[in-house]
Amino acid sequence: MKIGIIGAGQLGRMLALAGYPLAQRFLFLDTSADSPGGQVAPIITGAFDDPHSLERLAAAVDLVTYEFENVPVAALQQVAATHPVWPPVEALRVSQDRLLEKQLFAQLRIPTPPFRAVDSLGELRSAVKELGLPCVLKTRRLGYDGKGQRYLRKPADLEPAWNAIGDVPLILEGYVDFEREVSIVGVRSTAGEVRAYPIVANTHKNGILRVTLAPHRHPVLQKAAEIYLKRVLRHFAYAGVLTIEFFVRKGRLVANEMAPRVHNSGHWTIEGAATSQFENHLRAILGLPLGDTSPTGHCAMINFIGTLPGRDAILALPGVHWHDYGKEPRPGRKIGHCTVVAASAVERDRLVRKVLRQMPPR
Ligand code: AMP
């Protein structure tokens, strides 16, 4: 089979690398010819909403998937008219809009922070009255890694926040005073088989994921996360990998967002689980039996953001695996990561500290 991947970033590159042992071939569509995916498979260069580029991609492949969430839905629907597209376009449409996403969670009885749609300064004022301060004002669309967000702590914060991001539809969310952030990566195949990875604990800085610890052993939260994940998978008659990010507050899960794709908080599965999220995504969309999602040790994933640490020092650490995406370093840009796999949590934490000591100061 030849699989078309929309987006040739590091997620696309890792998908293709996982697919070669399954004898799959890949073709990317991306706006840039030197995206990471180009190191491992050909790229059609073109805009994601350019019908001609999408037609060229579709004509050359058997099925299409995506690694990038901001693909225009109308463009993808056009591809879906002639080719299987997984995950379902409807899941992408909902995940692109924080309001639709939270409404779906509510419909599926998945707890979320309280939220209100906001389309005017007047609506913002009455929404803040209802939800109370502090709260978080976010753009409904095209927000990721904390972009397009303003924290509202006092009444005087409303107007500047509105002036900064109020030119597009917004959502106001109650501020969740969380104990930690966790996520679950799960997978459903076209044959309806479902598997979930263990939940993981994520640490963000400036809205960008820095460190994932996996597994986050907590049977009660694991059970709840799997129940919520399965509701979403079933709702969309889903195929592929799906990720849901949660806050943990007072020992309970509160859903923040979902991503209909392989996810940064699942990178540890390449070396740290029996089957990686990338291989399972491909198995799922090809209708193959899914692979074991058990962890093979106590793991961590540390993102390299803006600059890489010294490679040789990291490679010298036993149980630490290096991933350089081959991207131009730029502040705030994810350019690589490393995975730690250890026999115990104590040993894992020791190795994480060693890696963090190698990171360039920020
Ligand atoms: P997001 O872009 O929605 O994933 O938000 C990025 C980060 O901002 C999250 O990982 C949280 O650390 C923080 N955040 C987002 N929404 C909320 C909220 N309602 N309450 C508290 N923190 C939040």
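Val182 is located in strand E9, which covers residues 180-188. The structure is a predicted model. Its chain is divided into domain 1 (2-85), domain 2 (114-174) and domain 3 (180-358).

**Val182**
- Val182 counts as buried because its relative accessibility is 1%, and the cut-off for buried is under 20%.
- Leaving aside residues up to four places away in sequence, Val182 touches Val200, Ala201, Asn202, His216, Ile244, Glu245, Phe246, Val248 and Leu253.
- One of these contacts, Val248, is 66 residues from Val182 in sequence, while the two C-alpha atoms are 7.1 Å apart in space.

**Domains**
- The centres of domain 1 and domain 2, taken over C-alpha atoms, are separated by 35 Å.
- The ligand lies between domain 2 (114-174) and domain 3 (180-358), because both give residues to the shell around it.

**Ligand surroundings**
- There are 16 residues around the ligand, of which Arg98, Lys138, Val176, Glu181 and Glu257 come nearest.
- The shell residues divide into 6 nonpolar, 5 polar and 5 charged.
- A polar side-chain atom of Lys138 is 2.9 Å from a nitrogen atom of the ligand.
- Oxygen atoms of the ligand lie 2.9 Å from a polar side-chain atom of Gln149 and 2.7 Å from one of Glu257.
- On its own, the ligand has 480 Å² of accessible area, and the protein covers 94% of this.
- Strand E6 (135-139), strand E7 (149-152), strand E8 (170-174) and strand E14 (252-259) are the elements that give two or more residues to the shell.

Methods. Residues numbered from 1 in each chain as written. Predicted model: local features only at pLDDT ≥ 70, side-chain atom pairs only at ≥ 80, totals over all residues. Heavy atoms only, no water. Helix = DSSP H or I, 4+ residues; strand = E, 2+ residues; numbered from the N terminus. Buried < 20%, exposed > 50% of the residue type's maximum accessible area, 1.4 Å probe, protein only. Contact = heavy atoms within 4.5 Å. Domains from an automatic or database assignment. Near = heavy atom within 4 Å. Polar contact = N/O pair within 3.5 Å; in protein donor to acceptor, adjacent residues only side chain to side chain. Areas by Shrake-Rupley, 256 points an atom, 1.4 Å probe, with all protein chains shown as cover. Nonpolar A, V, L, I, M, F, W, Y, C, P; charged D, E, K, R; others polar.
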